Every structure is written in structure tokens, then in C-alpha cells.
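Visitor: I'd like to learn how to read a protein model. Could you walk me through one, feature by feature?

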Amino acid sequence: AFTGALYTKRGSFELDDGGTFFLDEIGDMKVEMQAKILRVLEERMIKKLGSEEELYVDVRVIAATNKDLGLEISEGRFREDLFYRLNIVQIAIPPLREHKIDISILARHFLKVFCTEMKKSLTDFSEEALNLMMSYNWPGNVRELKNAVERAVIFANPGEMIRAGHFPPQLR
């Protein structure tokens with residue numbers, strides 16, 4: 001597709017042909033790109049960069065956003081036709097602060113993951129650490145919780161419990 005290109009590289013839709021394509025944070029996508037995505041969804045055809053021929057692709061698309069797409073449409077930042085093309089089944093997942101019961105479950109899952117990854121044996125979270133996590137608002141949702149647990153695992157000594165002091169200052 002450009003001077004000096006030595007091989008053909010398959011794009012994301014082509015790689016996911018016959019499978020599922022995940023569009024994360026579609027509410028942040030530029031309007032110009034939204035038009036291209038809409039075309040692929042409607043026609044199921046892609047054209048590789050530098051190619052004159054089109055390829056048929058069969059992909060299921062799952063899209064996620066944390067934005068109010070109705071507001072984005074009314075302010076001209078999101079295409080209404082793309083919204084209706086994507087909005088076949090909508091699953092609203094509330095922010096972590098609205099289902100705090102999941103915080104300890106998720107935190108313990110991330111603790112296991114990071115202990116395995118870092119080859120570190122940590123027992124659990126102290127009561128103080130659990131209370132801290134439960135009282136925090138988690139504006140970054142599960143991603144922020146995951147990062148906070150990873151940081152805590154890094155700073156904790158093997159064999160001990162995760163304490164409140166192991167978490168980032170903004171949580172404390």
C-alpha cells in the first residue's frame with residue numbers, strides 16, 4: 001500500500017472474518033471513521049489500503065462506550081445511523097460505584113492473577129484495605145481497581161496481607 005511495502009498485511013476486519021470484532025470506546029471514534037465502520041457493517045465489504053478490489057467479511061460486532069450516545073448524536077459527535085445499526089442488543093453495565101458488592105470479588109480475582117504473574121504469595125486483603133476499596137468511588141471503574149490491586153501486589157511483601165498503605169495515594 002506504500003512505496004517499499006514488501007508484503008500484504010491483513011487488517012482487523014479481515015483477521016476477524018467468521019468471528020467477533022470488538023470496538024472499544026466507539027463513542028470516542030471520529031465521525032469520519034464512523035462512516036467507514038457503518039459501510040463495513042452495512043455492506044460487509046472492506047477494501048484494503050492500496051487495493052482496488054473489495055473483500056467480503058462476515059463479522060459479528062460488539063461495541064462498548066462509556067458515553068451517552070444520545071447526547072453525542074444530538075451534539076453531532078456520533079452518527080445516528082451507526083447508532084441504530086449497532087443498537088441491536090444493549091447491555092447497560094452500571095459503574096463499579098453502583099455495585100460495590102463486586103469490588104471484593106474482583107479485587108481477589110486480580111490479586112490471584114497478579115500474584116501468579118509476579119510469582120508472589122500474598123494471603124488476602126486486610127480489613128482496612130477492603131474497607132478502603134469499598135468506600136472509594138472508582139471513577140475509572142474496573143480498570144482502575146485492577147491497576148490499584150496490581151500496584152498493591154507490587155508493593156506488598158511476600159506472605160503478608162495487602163494493606164491500605166499499598167494502594168495509590170488517591171484511594172487513601
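Guide: Let's go through a helix, the cores, a histidine and some salt bridges in turn.

Guide: Keep in mind that this is a predicted model, where local features need pLDDT of at least 70, side-chain atom pairs count only at pLDDT 80 or more, and totals for chains, interfaces and linings use all residues. Residues are numbered from 1 along each chain as its sequence is written, and side-chain values use heavy atoms, with hydrogens and water left out.

Visitor: Which residues of helix 2 are buried?

Guide: Buried means under 20% relative accessible area, exposed means over 50%, and partly exposed is in between (1.4 Å probe, protein chains only). In helix 2 the buried ones are Gln34, Ile37, Leu38, Val40 and Leu41. Looking down the axis of helix 2, you'd find them within an arc of 160°, so they line one face of the helix. That arc is taken from the directions from the helix axis to the C-beta atoms. Over on the other side of helix 2, Glu32 and Lys36 are exposed, with Lys36 at 55% relative accessibility.

Visitor: And what covers the buried residues of helix 2?

Guide: Here we look for contacts, meaning heavy atoms within 4.5 Å. The cover includes helix 1 (12-15), strand 1 (20-23), strand 2 (45-47), strand 4 (60-63) and helix 4 (80-86).

Visitor: Next up, cores. How many residues does the largest nonpolar core have?

Guide: A nonpolar core is a set of buried Ala, Val, Leu, Ile, Met, Phe, Trp, Tyr and Cys residues joined through side-chain atoms within 4.5 Å. The largest one here has 25 residues, and those with the most contacts inside it are Phe125, Met133, Trp138, Leu145, Val149, Ile162 and Phe167. Two or more residues each come from helix 5 (101-118), helix 6 (127-135) and helix 7 (141-155). Helix 5 gives the most, with 6 residues. Apart from this core lies another, of 17 residues, among them Leu38, Ile46, Val57 and Val59.

Visitor: What does Ile162 touch?

Guide: Leaving out residues up to four places away in sequence, the contacts of Ile162 include Leu111, Leu122, Phe125, Ala129, Val153 and Phe167.

Visitor: Now the histidine. Where is His166 placed, and is His166 buried or exposed?

Guide: His166 sits in the segment after helix 7, and at 5% relative accessibility it counts as buried. Its side chain reaches the backbone nitrogen of Arg163 at 2.8 Å. Setting aside residues up to four places away in sequence, His166 touches Arg151, Ala152, Phe155, Ala156, Glu160 and Met161.

Visitor: Last topic, then. How many salt bridges are there?

Guide: A salt bridge is a side-chain nitrogen of Lys or Arg within 4 Å of a carboxyl oxygen of Asp or Glu. By this rule the count is 11. One of them joins Arg143 and Asp24, whose closest N and O atoms are 3.0 Å apart. Arg143 is in helix 7 and Asp24 in the loop between strand 1 and helix 2, so the pair ties together parts 119 residues apart in sequence. Arg143 is exposed at 55% relative accessible area, while Asp24 is partly exposed at 39%.

Visitor: Which parts of the chain does the pair Arg39 and Glu54 link?

Guide: Those two side chains, Arg39 and Glu54, meet in a salt bridge of 2.1 Å, N to O. The pair links helix 2, which holds Arg39, to strand 3 (residues 54-56), which holds Glu54, and the two residues are 15 apart. Asp58 also forms a salt bridge, with Arg44, at 3.3 Å between the closest N and O atoms. Asp58 is in the loop between strand 3 and strand 4 and Arg44 in the loop between helix 2 and strand 2, so this pair ties together parts 14 residues apart in sequence.

Definitions and conventions
Helices (H or I, at least four residues) and strands (E, at least two) are DSSP runs, numbered from the N terminus. A polar contact is a pair of N or O atoms within 3.5 Å; within protein, one must be able to donate a hydrogen and the other to accept it, and residues adjacent in sequence count only if both atoms are side-chain atoms.
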